[in-house]
Amino acid sequence: MQLVVARIGRAHGIKGEVTVEVRTDEPELRLAPGAVLATDPAATGPLTIETGRVHSGRLLLRFAGVSDRTGAEALRNTLLIADVDPDERPEDDDEFYDHQLIDLDVVLADGTEVGRITEISHLPSQDLFVVERPDGTEVMIPFVEEIVADIDLERQRAVITPPPGLIDDRAEIASARGESEADGPAEDGQR
């Protein structure tokens, strides 16, 4: 199975290094010197990582055969893809690869069907499950411990405990309703 592990960013310096946007929780494994990665677009690869280092909080890589800024800049926006055994699991039991989560059924704690995960959206603050509902609409579920109670790969399902309004339109804004009923209308902008 192939997994996107990084996207190449800007060239750094004049010796062929590039910044990378890491898209794996295991960069020390997937982006280590000597790793051979497929690419998208395929014509730019495969690429072999020659060196890697962290500079000002960013990972910098240099690839075999790329020795100047021009070559590095030509790689910009290329996706780096690693071959991974489909049965391989991350070291932490609470971590999952995207391919393990895609197509899981999403249910509430009482077993009520919500839908099926069709995509994982990786945002800077958190990941989101894109869930297709039985009626064809989509809902986004934050992949956070407070909402995703359990991932059961054997039963192929994700159990969620969503707050009101996340997957339905039954949410009430109690404070707004309470204020308008209790206070009455204000006149001329004064209370």
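## Working chat on a predicted model

Reader: Thr78 first: buried or exposed?

Author: Thr78 counts as buried, at 2% relative accessibility. Buried means under 20% relative accessible area, exposed over 50%, and partly exposed in between, with a 1.4 Å probe and protein chains only.

Reader: What sort of model is this, and how are residues numbered?

Author: The model is predicted: local features need pLDDT of at least 70, side-chain atom pairs count only at pLDDT 80 or more, and totals for chains, interfaces and linings use all residues. Residues are numbered from 1 along each chain as its sequence is written, and side-chain values use heavy atoms, with hydrogens and water left out.

Reader: Back to Thr78. Where is it found, and what does it touch?

Author: Thr78 is in the loop between helix 2 (69-74) and strand 6 (79-83). Helices (H or I, at least four residues) and strands (E, at least two) are DSSP runs, numbered from the N terminus. Not counting residues up to four places away in sequence, Thr78 touches Ala6, Arg7, Ile8, Thr39, Asp40, Pro41 and Thr44. Contact means heavy atoms within 4.5 Å. Asp40 is 38 residues from Thr78 along the chain, yet their C-alpha atoms are separated by 5.7 Å.

Reader: And Thr19, buried or exposed?

Author: Thr19 has a relative accessible area of 7%, so it is buried. It lies in strand 2. Leaving aside neighbours within four places in sequence, Thr19 is in contact with Arg7, Ile8, Gly9, Arg10, His12, Arg58, Leu59 and Leu60.

Reader: What about Glu119?

Author: Glu119 lies in strand 8 and counts as partly exposed because its relative accessibility is 43%. From Glu119 to Val130 is eleven residues in sequence and 5.0 Å in space, C-alpha to C-alpha.

Reader: Zooming out, how many helices and strands are there in the protein?

Author: There are four helices and twelve strands. Of the 191 residues, 32% are buried. Among contacts with a separation of 6 or more, 46% are between residues 24 or more positions apart.

Reader: How do strands 11 and 12 pair?

Author: Antiparallel, over four bridges; a pair needs at least two bridges found by DSSP. Val148 stands opposite Ile160 in strand 12. The two strands form a hairpin with four residues between them, and Gln156 in the turn has a positive phi of about 55°.

Reader: Which strand does strand 7 join, and in what sense?

Author: Strand 7 (residues 105-108) runs parallel to strand 12 (residues 157-160), with four bridges joining them. Leu108 has Ile160 as its bridge partner in strand 12.

Reader: What is the volume of the largest pocket?

Author: About 990 Å³. On a 1 Å grid over the protein atoms alone, a pocket is an open set of points where a 1.4 Å probe fits, with protein on both sides within 12 Å along at least five of seven lines; lining residues have an atom within 4 Å of a point. Grid points are joined across faces, edges and corners, and the volume is the space filled by probe spheres set on the points.

Reader: Which residues are closest to its centre?

Author: Of the 31 lining residues, Asp25, Phe96, Asp98, His122 and Asp127 are the closest to the centre of the largest pocket. Strand 11 gives the most to this lining, with four residues.
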